[in-house]
Amino acid sequence: MTDVNLYNIQEIIYNNQKQLAPVYIHITKLLSIFFIFFVPIFDNFEKMTILIEQRDLGVEVEGKKMETNELVLDGGFPMPKLDAHGGGFDAPEINAFGQSFRDYNAESERQKTVEEFYRLNHINQSFDFVKKMREKYGKLDKTEMSIWECCELLNEVVDESDPDLDEPQIEHLLQTAEAIRKDYPHQDWLHLTALIHDLGKVLLLPRFGELPQWAVVGDTFPLGCAFDQSIVHHKYFKDNSDTYNSSYNTKNGVYEQGCGLENVVMSWGHDDYMYLVAKENGTTLPSAALFIVRYHSFYPLHKSGAYTHLMNEEDKENLKWLQIFNKYDLYSKSKVRVDVDKVKPYYISLIDKYFPAKLKW
């Protein structure tokens, strides 16, 4: 085999590197074997050295990715691109009850409880009700405490709307945060967002007014416009007074297309409450974090694509992060326990970075 022939082989491979990358690697291995075992036979090859240039083919070489794997969104926060499986997180196929996730029709010990929850939710969540709740709780006059103190309060809370989990909520917060931390180690704001995203569920406790479950948890949806068919247990909206209000029962309702979700009244619950707490207490978390906190239960949007006509450009950018977050929020619900004492120092450091020591609630 001459130098010219070797050059020709390399040139063909380089010109077709995307199609022939596997062939290239295979031929390289064959050449290595050839010279290890057969060079000693040919004295004229005794001092021959072949240098093969390693082109960037975008494939894994010795376990390392050869191409960059980041996007940068508005605000300067890098967002790793999802691979074919949506990231490194290995989502389980069944929930804590042995059922498919978010299956609201599956026969289980919680199915009837969950459906009754949504019946009450859909009857009572009206435009006027939400306005009153935002005015009442927007005063933030219930108590003062730190983020971690609030996390510990969630040991007393179980979400009756969730068909996938019946563990205390602090377990879910840490499961979500640790799963994201593993796959996105450099986005510390996202780790903290996972930790705080459900803290608004303290509204279920006596010191916060002990609101009924239907006014705190469950999937959220806009008020002031038509209820989309994608909303779980949509049938119960027939008993909601807004259904028969001509100002609220059209596609846009009281809004203009592209007005931005910031200007849309959402059903009242822990999402909107925690958003108000974080914003009014001056958090330095990015807008994507506040978007996640406020809309992580807005499944008609990020699962079914409903209400996109109300979004503006900032919403569309932030939605990319919410869709990443949602997988961890949903599928990290399991019986796997988290060592709270071990991870607590890390999350305390993040709280100190992005929040004041004490917050008004």
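Predicted model: local features only at pLDDT ≥ 70, side-chain atom pairs only at ≥ 80, totals over all residues.
Let's start with α4, which spans residues 127-137. Which of its residues are buried? They are F127, F129, V130, M133 and Y137. These five sit on the same side of α4, because they cover an arc of only 160° around the axis. Turn to the other side of α4 and you'll find D128, K132 and E135, which are exposed.

So what covers the buried residues of α4? The cover includes α3 (111-124) and α8 (270-280).

## Helix α8 is mostly covered

Now for α8, where nine of the 11 residues are buried. The buried set runs through H270, D271, D272, Y273, M274, Y275, L276, V277 and A278. Among the elements covering them are α4, α5 (147-153) and α7, along with α9 (287-295) and β6 (359-360).

Most residues other than glycine have a negative phi. L140 isn't a glycine, yet its phi is positive, at about 50°. Is L140 buried or exposed? The cut-off for buried is under 20% relative accessible area, so L140, at 9% relative accessibility, counts as buried.

H233 is another residue other than glycine with a positive phi, this time near 55°. You'll find H233 in the loop between α7 and α8. H233 counts as buried too, because its relative accessibility is 10%.

With a relative accessibility of 2%, C225 counts as buried.

Which residues does C225 touch, if you skip those up to four places away in sequence? The list is Y248, T250, K251, N252, G253, Y255, Y307 and L310. Take N252 as one example: C225 and N252 are 27 residues apart in sequence, while their C-alpha atoms are 5.6 Å apart in space.

Methods:
Residues numbered from 1 in each chain as written. Heavy atoms only, no water. Buried < 20%, exposed > 50% of the residue type's maximum accessible area, 1.4 Å probe, protein only. Helix = DSSP H or I, 4+ residues; strand = E, 2+ residues; numbered from the N terminus. Arc of directions from axis to C-beta. Contact = heavy atoms within 4.5 Å.
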